[in-house]
Amino acid sequence: MTEDRRNPLRDAHLDRATAKHIPDTPQSRSPSYRLAFADEDFLCRDELRPVRLQLELLKYEMLMDEHGIEGTVVLFGGARIPEPAKKDTARTETLAELTRFYDEARSFARLITRKSIAAENRDWVIVTGGGPGVMEAGNRGAADEGGVSIGLNIVLPHEQAPNPYVTPHLAFNFHYFAIRKMHFLMRARAVCVFPGGFGTLDELFEALTLIQTGRMRPVPFLLFGRDFWESIVNWQALAEAGTISQQDLGLFQLVETAEEALEIIEAWEPQPRRGDIPDR
């Protein structure tokens, strides 16, 4: 039991340890006798979903506060894009061409991490999904500079460990996509999206929707790779169809290089969140 507790009551860690050494009886072996907070089977019941959601919200938030991290730069991008040295392993010619964005993400993370180090790793901290591809490049760039970076993994049907460049004490794992996406954006000072697939598109459009609808303050929102994004999404057609406003096309900017992205971030003037949605 720690000495700096705010109350004089018995510590939960101590009770959990004590409960492991109780006499072995039919009653003590019963699942009903387990301490509720130490009973994994109980915590995994369907009825406990609200509690699990709260735990995933709290764990990340509390640890980020403990480490003093106030602001992040979000880096989204495809897991299937290898580094240029391994472009011959790419599944398609297009993926092989996209390997240049691995290097661009790594360079961008290096530039941002210099700002983070100047802020004592409290601000401008790179955060990725913690996986391979572009995500690995982001964490790797931060490690190149001797800074810290965050990885927000999620449990998938296939086994996946965090990439080796995530700062170990800032490596997280999630069950709920929704909570993970909240954490990506709650401290975001900028959102940078590199070429990717369904997951990247999901993250891109959810974040854009939050800004479009005034649920989130505008931040620098940068899409790396004009040719890729204009071939994947016909942005102008959406505006011409009236399903989005022409003004919505100003919520993001297309960039090609890490230096161009940093210049936009450095020149950014804070903006209020939207009050009204244009053309609604």
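This is a predicted model: local features need pLDDT of at least 70, side-chain atom pairs count only at pLDDT 80 or more; totals for chains, interfaces and linings use all residues.
Reader: What makes Arg29 and Asp24 a salt bridge?

Author: The term asks for a side-chain nitrogen of Lys or Arg within 4 Å of a carboxyl oxygen of Asp or Glu. Arg29 and Asp24 have N to O at 2.8 Å, so the pair counts. The structure holds 21 salt bridges.

Reader: How do you know that Asp24 is exposed?

Author: Exposed is over 50% relative accessible area, buried is under 20%, and partly exposed is in between (1.4 Å probe, protein chains only). Asp24 has 59%, so it is called exposed.

Reader: Why is the contact of Lys86 with Glu83 called a salt bridge?

Author: The closest N and O atoms are 3.8 Å apart, so the pair passes the cut-off. Lys86, at 47%, is partly exposed, whereas Glu83, at 17%, is buried.

Reader: Which parts does the pair of Glu83 and Arg140 tie together?

Author: Those two side chains meet in a salt bridge at 3.3 Å, N to O. Glu83 lies in the loop between β1 (72-76) and α5 (93-97), and Arg140 sits in helix α7 (residues 134-144), so the pair ties together parts that are 57 residues apart in sequence. Arg140 has 15% relative accessibility, so it counts as buried.

Reader: What makes you say α7 is mostly covered?

Author: Nine of its 11 residues are buried, among them Val134, Met135 and Glu136. Helices here are DSSP runs of H or I with at least four residues, strands are E runs of at least two, and both are numbered from the N terminus. The buried residues of α7 pack against β1, α6 (100-118), β2 (125-128) and β3 (149-154), where contact means heavy atoms within 4.5 Å. Just after α7, Gly146 has a positive phi of about 80 degrees.

Reader: Why are α8 and α9 called oblique?

Author: Axes are lines fitted to C-alpha atoms, for helices over the stretch in contact, with angles from 0 to 180 degrees between N-to-C directions. Under 35 degrees is roughly parallel, over 145 roughly antiparallel, 65 to 115 roughly perpendicular, and the rest oblique. The axes of α8 (residues 177-186) and α9 (residues 198-212) come within 11 Å and cross at roughly 60 degrees, so the pair is oblique.

Reader: Which residues meet where α8 and α9 touch?

Author: Arg180, Lys181, Phe184 and Leu185 in α8 meet Asp202, Glu203, Glu206, Ala207 and Leu210 in α9. That contact divides into four nonpolar, no polar and five charged residues. Ala, Val, Leu, Ile, Met, Phe, Trp, Tyr, Cys and Pro count as nonpolar, Asp, Glu, Lys and Arg as charged, and the others, Gly among them, as polar.

Key: Residues are numbered from 1 along each chain as its sequence is written. Side-chain values use heavy atoms; hydrogens and water are left out.
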